[in-house]
Amino acid sequence: MSNKIETQGMIKGEITLRPRYGEVDQMGYVYHGNYVNYFHQARTELMREMRIEDSKLEAQQVMMPVISMNLQYHRPAGYDELLTIHTIIAEEPITRLNFQFEARNEQNQLVCSANSTVVFVDSKTRKPMRIPEFVKEKFDQLFAIKMV
C-alpha cells in the first residue's frame, strides 16, 4: 500500500491493494460491498498522510460519521488483482467533508467510483459542528499550496 498527496487544485491521495480471497463472491469478483471498505481505507490513509489521524480526532471528541455514500460499478475486479484507489478532496470543508473515489485496475480501467460525505460531530453531544481548528489549519495549509 502506498499513499501520496498532491495539491494541484485539490488534495489527492492514492493507495494500492489486492482483494483477498474472502473478499470475492461466487463469480470470482470482488463483492460489491467491499468497495465501501476499500474507500474507507483510502480515506483514512489520506487523512493520516495529512496528519489528521482518527486517534487525534477522537482525543478532541470529534467523530466523522458518513452521511452519504454513492457508488457506481463500472467493471468487475477479481481476487488478487492490483487495484489503485484514488481519493480526491476538491474543496475545503466547513462542517462537511466530501470525498471522491476511483478504483482502477492495472490496465487503468475504472472499476468503481464513489462520492462520500462525512460530517464533523461532537462525540459528547452527537451534534454537528464546524471543522475543528486543528483540522482547518491542515486544510488551509494544503489548499494554500495549490494556489502558489
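This is a predicted model: local features need pLDDT of at least 70, side-chain atom pairs count only at pLDDT 80 or more; totals for chains, interfaces and linings use all residues.
The protein chain contains 3 helices and 8 strands. Read from the N terminus, the order of these elements is β-β-α-α-β-β-β-β-β-β-α. The radius of gyration is 16 Å, close to the 15 Å that the globule rule gives for 148 residues, so the protein chain is as compact as a globular protein of that length. Along the principal axes, the C-alpha atoms occupy a box of roughly 45 × 40 × 20 Å. Of the contacts between residues at least 6 apart in sequence, 66% join residues at least 24 apart.

Charged side chains comprise 18 positive and 19 negative ones, with the centres of the two sets 4 Å apart.

Buried residues account for 37% of the 148 residues. The largest nonpolar core consists of 34 residues, and those with the most contacts inside this core are Tyr35, Met50, Ile85, Ile89, Leu97 and Phe139. At least two core residues come from each of strand 2 (11-17), helix 1 (34-49), strand 5 (83-89), strand 6 (96-104), strand 7 (110-119) and helix 3 (133-147). Helix 1 provides the largest share, 6 residues.

When neighbours within four places in sequence are set aside, Phe139 is in contact with Ile11, Met50, Ile52, Ile89, Glu92, Pro93, Leu97 and Ile131.

Key. Residues are numbered from 1 along each chain as its sequence is written. Side-chain values use heavy atoms; hydrogens and water are left out. Helices (H or I, at least four residues) and strands (E, at least two) are DSSP runs, numbered from the N terminus. The radius of gyration is taken over C-alpha atoms; the globule rule is 2.2 Å times the number of residues to the power 0.38. Buried means under 20% relative accessible area, exposed over 50%, partly exposed in between (1.4 Å probe, protein chains only). Contact means heavy atoms within 4.5 Å. Lys and Arg count as positive and Asp and Glu as negative; His and the chain ends are not counted. The place of a charge is taken as NZ of Lys, CZ of Arg, CG of Asp or CD of Glu. A nonpolar core is a set of buried Ala, Val, Leu, Ile, Met, Phe, Trp, Tyr and Cys residues joined through side-chain atoms within 4.5 Å.
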